[in-house]
Amino acid sequence: MTSEEWAAIKQKFPRGSTVHGTVDEVAPFGIFISVEGVRLSCAFADVAGMHHGDDGYTVIWPELGEAVTGVVVEHTERNHQLKLHLS
């Protein structure tokens, strides 16, 4: 991704904005998400940014291919990712 493409993604999805996407990959530390409407974008939600069960501790992991919605909490410059907390 070029710096211009990354700048456009950050402008389109500023911190606090809501994004919709699909789970592309599930890893032990979080999930990778393709963001709707952005061809080159990938977002990431770590365990802290996922839904928790009624006990407040159990993490509810979305499945591969599942549609998710999240809020942008950070722009990760080193790998051009949107960091999300899922809603």
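Biologist: Which residue in β2 is the bridge partner of Thr 22?

Modeller: Ser 34. The model is predicted: local features need pLDDT of at least 70, side-chain atom pairs count only at pLDDT 80 or more, and totals for chains, interfaces and linings use all residues. Residues are numbered from 1 along each chain as its sequence is written, and side-chain values use heavy atoms, without hydrogens or water.

Biologist: What makes β1 and β2 a pair?

Modeller: Strands pair if DSSP finds at least two bridges between them. β1 and β2 have six, in the antiparallel sense, so they meet the rule. They also form a hairpin, with two residues between them. The strands themselves are DSSP runs (E, at least two residues), and helices are runs of H or I with at least four, numbered from the N terminus.

Biologist: How do you know that β1 also pairs with β6?

Modeller: Five bridges join β1 to β6, and the two run antiparallel. Thr 18 has Val 71 of β6 as its bridge partner. Thr 22 stands opposite Ala 67, also in β6.

Biologist: What makes the pairing in the barrel mixed?

Modeller: Five strands close in the order β1-β2-β3-β7-β6. β3 and β7 pair in the parallel sense, over three bridges. There, Phe 44 has Lys 83 of β7 as its bridge partner. β6 and β7, in contrast, run antiparallel and are joined by six bridges. Gly 70 stands opposite Leu 86 in β7.

Biologist: What lies between β6 and β7?

Modeller: A turn of four residues, which makes the two strands a hairpin. His 80 in that turn has a positive phi of about 50°.

Biologist: Why is the contact of Glu 77 and Lys 10 called a salt bridge?

Modeller: The term asks for a side-chain nitrogen of Lys or Arg within 4 Å of a carboxyl oxygen of Asp or Glu. Here the N to O distance is 3.0 Å, so the pair qualifies. A search of the whole structure finds one such bridge.

Biologist: What does the pair tie together?

Modeller: Glu 77 is in the loop between β6 and β7, Lys 10 in helix α1, so the bridge links parts that are 67 residues apart in sequence.

Biologist: Why does Glu 77 count as partly exposed?

Modeller: Buried means under 20% relative accessible area, exposed over 50%, and partly exposed in between (1.4 Å probe, protein chains only). Glu 77 has 42%, so it falls in the middle class. Lys 10, at 25%, is partly exposed too.

Biologist: Why is Gly 37 called exposed?

Modeller: Its relative accessible area is 66%, so Gly 37 is over the exposure limit. Gly 37 sits in the loop between β2 and β3. Gly 37 and Gly 21 are 8.8 Å apart, C-alpha to C-alpha, and 16 residues apart in sequence. Leu 64, at 61%, is exposed as well; its place is the loop between β5 (59-60) and β6 (67-76).

Biologist: What makes a set of residues a nonpolar core?

Modeller: They must be buried Ala, Val, Leu, Ile, Met, Phe, Trp, Tyr or Cys, joined through side-chain atoms within 4.5 Å. The largest such set has 16 residues. Phe 13, Ile 33, Val 35, Leu 82 and Leu 84 have the most contacts inside it. Two or more core residues each come from α1 (3-12), β1 (18-27), β2 (30-35), β3 (42-46), β6 and β7 (81-86).
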